[in-house]
Protein chains: 2
Amino acid sequence: MAKKKDLVVGFDLGGTKMLAAVMDPKYKILSRSKKKTRSEKGAKECFERICETIQDAMQQAGIDGASLAGIGVGSPGPLDPWTGVIIDTPNLGFKNYPLRANLEKVFKVPVQVDNDVNMGTYGEYHFGAAKGFRHVVGIFPGTGIGGGLILDGKLFRGATGAAGEIGHIILDINGPLCGCGQYGCLEALASRSALSKEAAALAARGQAPTVLKLAGTDLANIKSSVLADAFKAGDREIVRIVLKSAFYLGVAMATCVNILNPDAIVLGGGLVEAMPAPYVAEARKAMLKHALGPLVKKVQVVVAALKDDSVAMGAARLIREHLQERGRK
Amino acid sequence: MAKKKDLVVGFDLGGTKMLAAVMDPKYKILSRSKKKTRSEKGAKECFERICETIQDAMQQAGIDGASLAGIGVGSPGPLDPWTGVIIDTPNLGFKNYPLRANLEKVFKVPVQVDNDVNMGTYGEYHFGAAKGFRHVVGIFPGTGIGGGLILDGKLFRGATGAAGEIGHIILDINGPLCGCGQYGCLEALASRSALSKEAAALAARGQAPTVLKLAGTDLANIKSSVLADAFKAGDREIVRIVLKSAFYLGVAMATCVNILNPDAIVLGGGLVEAMPAPYVAEARKAMLKHALGPLVKKVQVVVAALKDDSVAMGAARLIREHLQERGRK
């Protein structure tokens with residue numbers, strides 16, 4: 001049995017799955033519990049599943065509440081990281097939902113809640129591919145495109161806790177409509193959803209045989225892995241749209257370089273994990289071409305290393321720092 | 001005579017003019033000296049003029065070296081703020097020029113050198129229109145478009161000291177060629193140079209009567225004030241291109257909002273100072289339209305208040321902070 005009160009839970013609350021991981025003071029993962037989010041069931045059920053997942057992970061690690069020092073949560077936004085209130089996530093059924101307060105009531109330990117992409121970037125910064133850098137931009141292309149910023153070695157949140165919305169950099173004012181209501185955002189040009197939309201149309205026109213074979217023409221079935229398989233199989237039009245999306249990603253990376261002058265950009269998320277090497281190479285090439293020379297020449301582009309654990313590990317780090325700060329006061 | 005060693009000089013090294021201002025511990029300006037930069041004469045002469053301007057300001061304030069505690073300089077970049085070496089400013093004839101070391105040799109006091117737009121933003125943050133905010137983006141459209149960042153109340157420099165290159169946000173990948181070699185940067189779409197180019201063509205076509213009357217068709221003569229006068233006189237095509245440039249400025253402001261979630265954006269520089277109110281209003285409108293709602297609703301857009309003193313005041317603050325830090329060590 002672990003020493004009293006020195007374990008934390010890092011929690012990754014995703015739109016489709018949730019993950020709780022119990023970690024020791026050196027961030028060694030002692031146990032993991034995963035559940036489907038079943039977001040259609042509303043806030044109450046979602047909260048209950050969160051609690052069950054945490055309890056399940058604790059049980060697997062063989063610990064009870066006496067060993068638990070705190071819980072860190074990475075959740076989709078928008079949310080208020082200072083109060084732990086989820087402002088509005090239609091996917092999860094949370095609206096002005098006091099997730100931190102409710103978890104503190106159940107588990108009787110301090111809880112911190114922050115944006116999932118922030119936590120993913122934070123995890124990679126402390127434990128993964130972005131370790132040892134000082135100014136890090138995290139970009140995670142998946143269904144949407146999220147971003148996180150580490151500036152001067154610290155998580156940068158901005159005025160309302162929402163900094164790092166890199167998916168909504170406008171790259172082409174006459175481009176396709178984005179979920180946010182604008183035209184030509186990075187997310188509308190290069191997310192998995194944007195690619196699936198194009199791939200479905202290509203499949204329907206007989207120009208993406210591998211996609212048609214694996215997933216048909218329903219864009220809901222065209223996951224990152226299908227796109228990656230079609231790319232590897234050499235579906236010519238799929239190769240073109242994937243590389244074009246990587247190009248746009250690279251232009252947005254150039255904007256981040258010009259504004260923030262980071263020393264590393266970490267790329268992660270479903271699309272990056274699924275895609276073969278030419279995808280990241282193309283993004284890097286476009287970044288080098290479009291950013292200012294003196295700023296870009298020192299930027300390392302790295303691929304996220306922690307996979308499914310990055311958010312939970314970043315959240316575990318966040319709650320540990322919070323506990324240390326409390327300890328000092 | 002002021003108390004020993006409690007005065008500093010803030011220095012604004014511009015491409016066309018330079019300004020030295022002697023300031024007391026409360027940043028009250030005791031004297032100012034201005035000279036033309038005469039950049040065509042090379043590094044040696046430029047450095048001598050800098051020294052003369054500082055000495056002249058000190059003389060006007062009635063002080064000698066015994067009262068001087070330090071000198072802060074805002075200079076065009078690229079430069080290394082940690083060593084005070086100007087990397088390359090063709091305008092001033094400096095190439096790998098150790099401005100800090102050379103000034104320290106002459107004046108026997110500590111010197112700090114940073115980017116002029118950073119210093120302008122820093123001045124506005126501490127003493128001007130952006131006072132009281134915590135996360136501030138400074139954007140200064142003039143011949144080019146410079147930017148500066150205050151994040152968490154501190155000047156943010158990035159990995160190589162070059163953060164804040166907001167003029168090189170790419171807004172239209174098929175847009176006009178920029179001085180940096182890319183296409184469609186904010187600077188290529190909305191700087192005074194970009195406007196002058198369009199205005200000269202309009203004047204030549206007889207579509208900008210006020211410009212033609214005041215400045216002819218030579219774009220070198222079409223200054224911000226000419227554009228402003230033509231705007232006020234109602235030259236229809238000039239009004240259109242000016243408002244279009246403000247629109248692009250606003251889209252770039254939206255990108256800054258989405259990435260950095262600031263609480264204020266301060267606009268300054270020649271174009272902003274010269275232009276009538278509809279210019280800033282149009283930029284703000286475009287920002288509101290193109291940024292994410294939850295992030296943009298708390299952003300204040302303010303116009304720089306310190307005019308010609310902003311860089312010198314920011315640089316004075318920089319050197320004072322440096323002296324305080326040295327004092328603590």
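Q: Before I look at the two chains together, what does contact mean here?
A: Contact means that heavy atoms lie within 4.5 Å. Keep in mind that this is a predicted model. With that cut-off, 38 residues of chain A are in contact with 38 residues of chain B.

Q: How do I read the area buried between chain A and chain B, and which share of it comes from carbon and sulfur atoms?
A: Buried area is the accessible area that two parts lose on being put together, summed over both. Between chain A and chain B that comes to about 3,200 Å², with 64% given by carbon and sulfur atoms.

Q: Which elements of chain A supply at least two residues each to the side that touches chain B?
A: Four elements of chain A do this: strand 10 (145-151), helix 8 (236-260), helix 10 (278-290) and helix 11 (293-296). Helix 8 of chain A gives the most to this side, namely seven residues. Sorted by type, the residues of chain A that touch chain B are 20 nonpolar, eleven polar and seven charged.

Q: And how many salt bridges are there between chain A and chain B?
A: The general idea first: side chains of opposite charge can pair when their charged atoms come close. Between chain A and chain B the count of salt bridges is zero. Over all chains, however, a search of the whole structure finds 22.

Q: Let's turn to cavities. Which residues line the largest cavity?
A: A cavity is a space where a probe fits but cannot get out. One cavity of 30 Å³ or more is counted in this model, and the largest cavity holds about 130 Å³ of space. Its lining consists of Leu151, Asp152, Lys154, Leu155 and Phe156 of chain A, and Leu151, Asp152, Lys154, Leu155 and Phe156 of chain B. Strand 11 (154-155) of chain A and strand 11 (154-155) of chain B are the elements that give two or more residues to this lining. By type, the lining has six nonpolar residues, four charged and no polar.

Q: Last topic, the backbone: where are cis peptide bonds found?
A: As background, most residues other than glycine have a negative phi, and most peptide bonds are trans. In chain A, a cis bond joins Gly77(A) and Pro78(A), with omega about -5°. Pro78(A) lies in the loop between strand 4 (68-75) and strand 5 (79-80) of chain A. In chain B, Gly77(B) and Pro78(B) are joined by a cis bond with omega about 0°.

Q: What is the phi of Asn96(A)?
A: Phi is near 45° there, a positive value in a residue other than glycine. You will find Asn96(A) in strand 7 (residues 94-98) of chain A.

Conventions. Residues numbered from 1 in each chain as written. Chains lettered and ligands numbered in written order. Predicted model: local features only at pLDDT ≥ 70, side-chain atom pairs only at ≥ 80, totals over all residues. Heavy atoms only, no water. Buried area = accessible area lost by both parts, 1.4 Å probe. Salt bridge = Lys/Arg side-chain N within 4 Å of Asp/Glu carboxyl O. Nonpolar A, V, L, I, M, F, W, Y, C, P; charged D, E, K, R; others polar. 1 Å grid on protein atoms, 1.4 Å probe; cavity = no way out; pocket = protein on both sides within 12 Å on 5 of 7 lines; lining within 4 Å. Points joined across faces, edges and corners; volume = space filled by probe spheres on them.
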